[in-house]
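Here is a brief report for a first look at this structure. It covers the ligand site and then a sheet.

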Amino acid sequence: MWLSKRIQSVRPSGVRKIFDLARAVKNPVDLSLGEPDFDIPDEIKEEGIAWIRKGFNKYTPSGGIPELREKLLRYLRGRGISCEDVILTPGVTGGLLLALLVTLNPGDEIVIPDPYFVLYEYQVLLLGGKPVFFDTYPDFTLKEEPLRTALTDRTRVILINSPNNPTGNVYSRQELEMVARVARENNLLVFSDDIYHAFTYEGDEYRLYLGQFCEHCLTLGGFSKDWAMTGWRLGYVAGPKEIIDSMVTMQQYVFSSVNSVAQKAALFALDYDTTALIDVYRKKRDLIYNGLKDKYNVAKPKGAYYIFPEVPGGDGDAFVEEALRRNLFMIPGSVFSSKKSHVRISFAASESALVKGIEILRTMV
Ligand code: PLP
């Protein structure tokens, strides 16, 4: 009786249901995780610890500390992303919420490719917006016709995530240019969730940002994945000054400010080269793809740390429950999609867990 209509509109996340089932299994081979299996590099930890000792433990300005905002702007512009300003946020999670709070009116529609990261749907719903999904099966590329068909006169934003969670796909230059063109023609804002950008395993043609091609774009990124700082809760949103200014105002009332120490560590992290860590992930990607490709209908992931095979029989929910009985834990595709034909396997795991997981998956077909 105490709960708002708002929370009642949020159905329990499918992830939570499957986590409850997994809890009953002792020491499963866990290929469900959405965070890197490496820890924050020691030098970055030491930087954070040093700033705690120096007493950098108070509130910081709502937009973030100026030296980090300036450095991030140089970093993003150096990558060709058009942005006038940037705000530090509690992860991309907090950044997306602030971005939606200042751009979306109740009833506005936001167009999202399906499959999609589960958070998008609920943040939009919580704010009274309407998520409108367009299908990218079977190859998960972005096609112009389904995108255009999803647009209505209530559409305000197109939200793109590349490298993609859950498919592991990375969009090509043509796909990004197409999104930019459609957005421009229809006077739409674009949100680009680039959080996995460092985890790109293919050549330059795939190392692009949507923000290179759009003028009216919010680029969302953060420190959770590249530098494994998930628990330090630090992300950013860059884009047009008018929107970023409003987000800073909104942040005063929603989060106040972000983690002080994480911002100092992030200043240092931006110069920390993660190529060696990413190379390890490319090997994990090869290991799991080569282990599954002759048994499953599966695309080779170009980025992130997920692989998204179709399961025999087409029921990913039942398949995940069967895998749990065999001691393997992964996430049903239905958590991320209106379809349940696939499952999301995370390769952010140790090599030995991956080898065991592959063995189990090969016995299931
Ligand atoms: N965006 C995507 C696509 C993600 O997969 C995740 C986390 O798994 C996030 C955003 C959340 O990132 P953060 O830790 O910066 O809030």
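A polar side-chain atom of Asn 165 lies 2.8 Å from an oxygen atom of the ligand. This is a predicted model. Ser 224 also brings a polar side-chain atom to a ligand oxygen, at 2.7 Å. Val 92 uses its backbone instead: an N or O atom there lies 2.7 Å from an oxygen atom of the ligand.

How much of the ligand does the protein bury? Taken alone, the ligand exposes 400 Å². The protein buries 92% of that.

## The shell and its pocket

The ligand is surrounded by 14 residues. The closest are Val 92, Thr 93, Asp 193, Tyr 196 and Ser 224. By class, five residues of the shell are nonpolar, six are polar and three are charged.

Which helix gives the largest share of the shell? Helix α5, residues 91-103, contributes three residues. The space that the ligand takes is the largest pocket.

## A three-stranded sheet

Strands of a sheet pair through backbone hydrogen bonds, either parallel or antiparallel. Here, an open sheet of three strands runs in the order β9-β12-β11. Its pairing is antiparallel. Strands β9 (306-307) and β11 (331-332) are the edges, and each pairs on one side only.

Strand β12 spans residues 343-346. Two bridges join β11 and β12 in the antiparallel sense. Which residue of β12 stands opposite Ile 331? That residue is Arg 344.

Methods:
Residues are numbered from 1 along each chain as its sequence is written. This is a predicted model: local features need pLDDT of at least 70, side-chain atom pairs count only at pLDDT 80 or more; totals for chains, interfaces and linings use all residues. Side-chain values use heavy atoms; hydrogens and water are left out. A residue is near a molecule or strand if one of its heavy atoms lies within 4 Å of it. A polar contact is a pair of N or O atoms within 3.5 Å; within protein, one must be able to donate a hydrogen and the other to accept it, and residues adjacent in sequence count only if both atoms are side-chain atoms. Accessible areas come from the Shrake-Rupley method with a 1.4 Å probe; for residues, only the protein chains shown count as cover. On a 1 Å grid over the protein atoms alone, a cavity is a set of points where a 1.4 Å probe fits but cannot get out, and a pocket is an open set with protein on both sides within 12 Å along at least five of seven lines; lining residues have an atom within 4 Å of a point. A molecule sits in a cavity or pocket if more than half of its atoms lie within 2 Å of its grid points. Helices (H or I, at least four residues) and strands (E, at least two) are DSSP runs, numbered from the N terminus. Ala, Val, Leu, Ile, Met, Phe, Trp, Tyr, Cys and Pro count as nonpolar, Asp, Glu, Lys and Arg as charged, and the others, Gly among them, as polar. Two strands pair if DSSP finds at least two bridges between them.
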